[in-house]
Amino acid sequence: MFNIIIFGAPGSGKGTQGQILTDRYQLTHISTGEVLREKIRKQTPLGKLADEYISKGQLVPDNVVIDILTKFFADNPTSNGYIFDGFPRTLRQGEAMDEMLAEKNESINVVLWLDVDDDELVERLVNRGKEMGRNDDNLETIKSRLKVYYQKTAPLKKFYSKQGKLVKINGMGTVEEIFSRIEKVIDSLSTKI
Ligand code: AMP
């Protein structure tokens, strides 16, 4: 198995590049943000709880998303490889994920960090808010999401670079340009998909 984390700030292209990677390498994809939005659409109790955090640009509590990951592994016990988009977002989530993978004798192979300038992130998110109507893509919420990213999520870079797994990808440019950078990195790794 070949397990990938697609990592980066909101608006860095995780969803777009994650989807292309999933199709290209036949991986099993999970986006915790998508799972949560689906629960909000269905207005489940968990969706209602999550909405309170998401609409303010805050992270949903760790135990909620860790439970989502547990269910994902139960539903997808085997795979060519997993791709994690938007998870982990805190050190506690990263540690919980490592434990769950270890139980399956698996681990993360690579963390692809999409590096994008802040100005570009804000511009992309504002545009996405206009096009897709995501209610957390408004300027005020975007600013708090970026702050949360730097405070709680960015420290994971150190966690994975210590493990020799973090690879920085220039996330500026067209979708195709960025994907070809990712492809080069994956093709150069000694463990193959
Ligand atoms: P995303 O679609 O990945 O941008 O996620 C949208 C929102 O869902 C985030 O701003 C968080 O409020 C919440 N969310 C998604 N994934 C996580 C996670 N792993 N931990 C905590 N909150 C999350």
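The second largest pocket of this predicted model is lined by Ile30, Val35, Glu38, Lys39, Leu46, Val64, Asp67, Ile68, Lys71, Phe72, Asp75 and Asn76, where a pocket is an open set of points, on a 1 Å grid over the protein atoms alone, with protein on both sides within 12 Å along at least five of seven lines, and lining residues have an atom within 4 Å of a point. The model is a prediction in which local features need pLDDT of at least 70 and side-chain atom pairs count only at pLDDT 80 or more, while totals for chains, interfaces and linings use all residues. Residues are numbered from 1 along each chain as its sequence is written, and side-chain values use heavy atoms, with hydrogens and water left out.

The volume of this second largest pocket is about 240 Å³, a volume being the space filled by probe spheres set on grid points that are joined across faces, edges and corners. Its lining divides into 6 nonpolar, 1 polar and 5 charged residues, with Ala, Val, Leu, Ile, Met, Phe, Trp, Tyr, Cys and Pro counted as nonpolar, Asp, Glu, Lys and Arg as charged, and the others, Gly among them, as polar. Helices α2 and α4 each supply at least two lining residues, and the largest share, 6 residues, comes from α4; helices (H or I, at least four residues) and strands (E, at least two) are DSSP runs numbered from the N terminus.

The largest nonpolar core has 36 residues, and those with the most contacts inside it are Ile5, Leu36, Leu69, Phe73, Phe84 and Met97; such a core is a set of buried Ala, Val, Leu, Ile, Met, Phe, Trp, Tyr and Cys residues joined through side-chain atoms within 4.5 Å. Helix α4, residues 62-75, gives the most to this core, with 7 residues. Beyond its neighbours within four places in sequence, Leu36 is in contact (heavy atoms within 4.5 Å) with Leu46, Ala50, Ile54, Val60, Val64, Val65 and Ile68. A second, separate core of 16 residues includes Phe2, Ile6, Ile169 and Val185.

Thr28 belongs to strand β2, residues 28-31, and counts as buried because its relative accessibility is 19%, given that buried means under 20% relative accessible area, exposed over 50% and partly exposed in between, with a 1.4 Å probe and protein chains only. Its side chain makes a polar contact of 2.6 Å with the side chain of Ser79, a polar contact being a pair of N or O atoms within 3.5 Å of which, within protein, one must be able to donate a hydrogen and the other to accept it, and for which residues adjacent in sequence count only if both atoms are side-chain atoms.

The largest pocket has a volume of about 1000 Å³. Of the 47 residues that line this pocket, the closest to its centre are Lys14, Arg89, Arg128, Arg134 and Arg145, and the lining as a whole divides into 18 nonpolar, 19 polar and 10 charged residues. Arg134 is found in the loop between α6 and α7, where a polar contact of 3.0 Å joins its side chain to that of Asp136. Residues up to four places away in sequence aside, Arg134 touches Arg37, Arg128, Gly129 and Arg145.

Helix α9 holds Val175, which counts as partly exposed because its relative accessibility is 37%. Leaving aside neighbours within four places in sequence, Val175 is in contact with Thr16, Gln17 and Ile20.

Key:
On a 1 Å grid over the protein atoms alone, a cavity is a set of points where a 1.4 Å probe fits but cannot get out, and a pocket is an open set with protein on both sides within 12 Å along at least five of seven lines; lining residues have an atom within 4 Å of a point.
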